[in-house]
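Me: I am new to reading protein models. Please take one part of this one and walk me through it closely, then show me what surrounds it.

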Amino acid sequence: MQSSYNGIPVPPNGQPIEYKDGSYVVPDHPVIPFIEGDGTGRDIWKASQRVFDAAVEKAYGGKRKVEWYEVLAGEKSYRKTQDWLPDDTVKATVDFRVSIKGPLTTPVGGGIRSLNVALRQLMDLYQCIRPVKYYAGVPSPVKHPEKLDVVIFRENTEDIYAGIEFREGTPEAKRFIAFVNDDMLKGSKKKIRLDSGVGVKPISITGSKRLVRAAIQYALDNGRKTVTLVHKGNIQKFTEGAFREWGYEVAVEEFRADTVTERESWILGNLEDNPKLTAEENAALIEPGIEFAAKEFGESVIAEVKAVVASIGASHGDGKWKSKILINDRIADSIFQQIIIRPSDYSVLATTNLNGDYISDAAAAQVGGLGIAPGGNIGDGYAVFEATHGTAPKYADKDVINPGSVILSGVMLFDFLGWKEAARLIESSMEKTIQQKFVTYDFERQMQGATKAKTSEFATRMIENM
């Protein structure tokens, strides 16, 4: 632990959060690094910090206090240090374990490290968690946004985001294509076109299982009744399809007493409806048309029915399965439709990196958009909470932008610390402020009779409403 990072002294009255035996040890005055962000991030952070401090003071009456500690990244860092992401910034986020950041820009031309990528690699932040819920009064494009209340667990370290790709025409791409075409696909009609850029999509047992494990544990800890594995396994059988298979393995091998798979629920439900049902009859109910399938397939389904009854008939039968967490799966493209037409059927989604990127933004659109969508990157012993939107530089320093994403990311942070009283104060005051139709321009233009508030004014009203 250093006394300063980037030449900025560590707050003398704070203590670091520790991680022992799989649990966080949070002092009453934790040092929490923050990156205010670029563009609108400056206005957003000033407003958000005021809200955070007011909630903690009201909830704990001075017993607890966050010692905020600024670390440098982005444009502000470059102006001061000629470095977009100083090593000291990364070290501080590692040393203090839990941090929060606003939006950061990437300069034209690239060439700098992504803060998110650097921290994910160094801290192994394998869970990207995006809660999506509706706050009363927020304008929405759907009729019943209140029916959507999901928490999305997106695998954060692999898939096409692993960054293993080669530009078209480079020696590396040519070598890669030649290996695949001439060796791996030898004798096959499949070929990669020679003028292709190529990338690798790794999906591992390790990455998949720990992500699904975290999602199921979250459901258990928070009273959520379903965990849905979202994948494209109908096309990508050995990556996306494998994610689905490994996810089910985690459920039945590690959480057997607390979970039931969708197919198991069908089998047990059929038996409850008709206790005299044979295994063959039950198989026909869960796989309509089974009589037209290959004999081996039919036999495998009958064996599956018998195995389910033998293994969990006593523990999960007679309706007991209805109190378990239901583990099911959905094809990725289907879930976009499902969260619109059947939103109340879904509670926790666990998915691969690219799918999660798409789905989390699409879901956020139903409840008000990215301006009010929080996010957190979580690992074993480390966490970084962040805005999910961009920097919107044309609105920078105009005190007009919606601070909701960072404020609700702060709610996630306080829940993570176990400071739930402060978290609930922030949520309730934000909802009350929105219901009063005292909102920033992005909501005001969609709400009849609303008052357009500055970023700072919205924060002040939130504090008054605590």
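Reply: Start with I44. I44 is buried, because its relative accessible area is 1% and buried means under 20%. This is a predicted model, so keep that in mind throughout. I44 sits in helix 1, which covers residues 41-60.

I44 and I407 are 363 residues apart along the chain. In space, their C-alpha atoms are 8.5 Å apart. I407 is one of the buried residues of helix 13.

Helix 13 runs over residues 404-417, 14 residues in total.

Next, ask about cover. How many of the 14 residues of helix 13 are buried? The count is 12, so helix 13 is mostly covered, with buried meaning under 20% relative accessible area. Read along the helix. G404, S405, V406, I407, L408, S409, G410, V411, M412, L413 and F414 are buried, and so is L417.

Look at what comes after each helix. Helix 13 is followed by G418, which has a positive phi, near 90°. Helix 1 is followed by G61, with a positive phi near 55°.

R97 has one of about 75°. R97 lies in the loop between helix 3 (87-96) and strand 7 (98-101). R97 is buried, because its relative accessible area is 18% and the limit is 20%. D159 is not a glycine either, and its phi is positive, about 65°. D159 is in the loop between strand 9 and strand 10 (165-166). Its relative accessible area is 0%, so D159 is buried.

Now go back to helix 13 and look at the space beside it. Helix 13 supplies at least two residues to the lining of the largest pocket. That pocket has a volume of about 1100 Å³. Its lining holds 39 residues, and D415 and F416 are among those nearest its centre. I129, Y218 and N222 complete that nearest group.

Which element gives the most to the lining of the largest pocket? Helix 6 does, with seven residues. Other elements that each supply at least two residues include strand 8 (127-133), strand 9 (149-155) and helix 14 (420-435). By type, the lining residues divide into 21 nonpolar, seven polar and 11 charged.

Zoom out to the domains. The assignment gives domain 1 (1-133 + 374-466), domain 2 (141-153 + 203-366) and domain 3 (165-199). The lining draws at least three residues from each of domain 1 and domain 2. The centres of domain 2 and domain 3, taken over C-alpha atoms, are 36 Å apart.

The unreviewed UniProt entry carries a "binding site" annotation covering S114, N116, R120, R130 and R154. Of these, take R120. R120 is found in helix 4 (residues 115-123). Its relative accessible area is 15%, so R120 is buried.

How values were computed: Residues numbered from 1 in each chain as written. Predicted model: local features only at pLDDT ≥ 70, side-chain atom pairs only at ≥ 80, totals over all residues. Heavy atoms only, no water. Helix = DSSP H or I, 4+ residues; strand = E, 2+ residues; numbered from the N terminus. Expected span 1.5 Å × (residues − 1). Buried < 20%, exposed > 50% of the residue type's maximum accessible area, 1.4 Å probe, protein only. Domains from an automatic or database assignment. 1 Å grid on protein atoms, 1.4 Å probe; cavity = no way out; pocket = protein on both sides within 12 Å on 5 of 7 lines; lining within 4 Å. Points joined across faces, edges and corners; volume = space filled by probe spheres on them. Nonpolar A, V, L, I, M, F, W, Y, C, P; charged D, E, K, R; others polar. UniProt positions renumbered as here; feature names shortened; annotations may be inferred.
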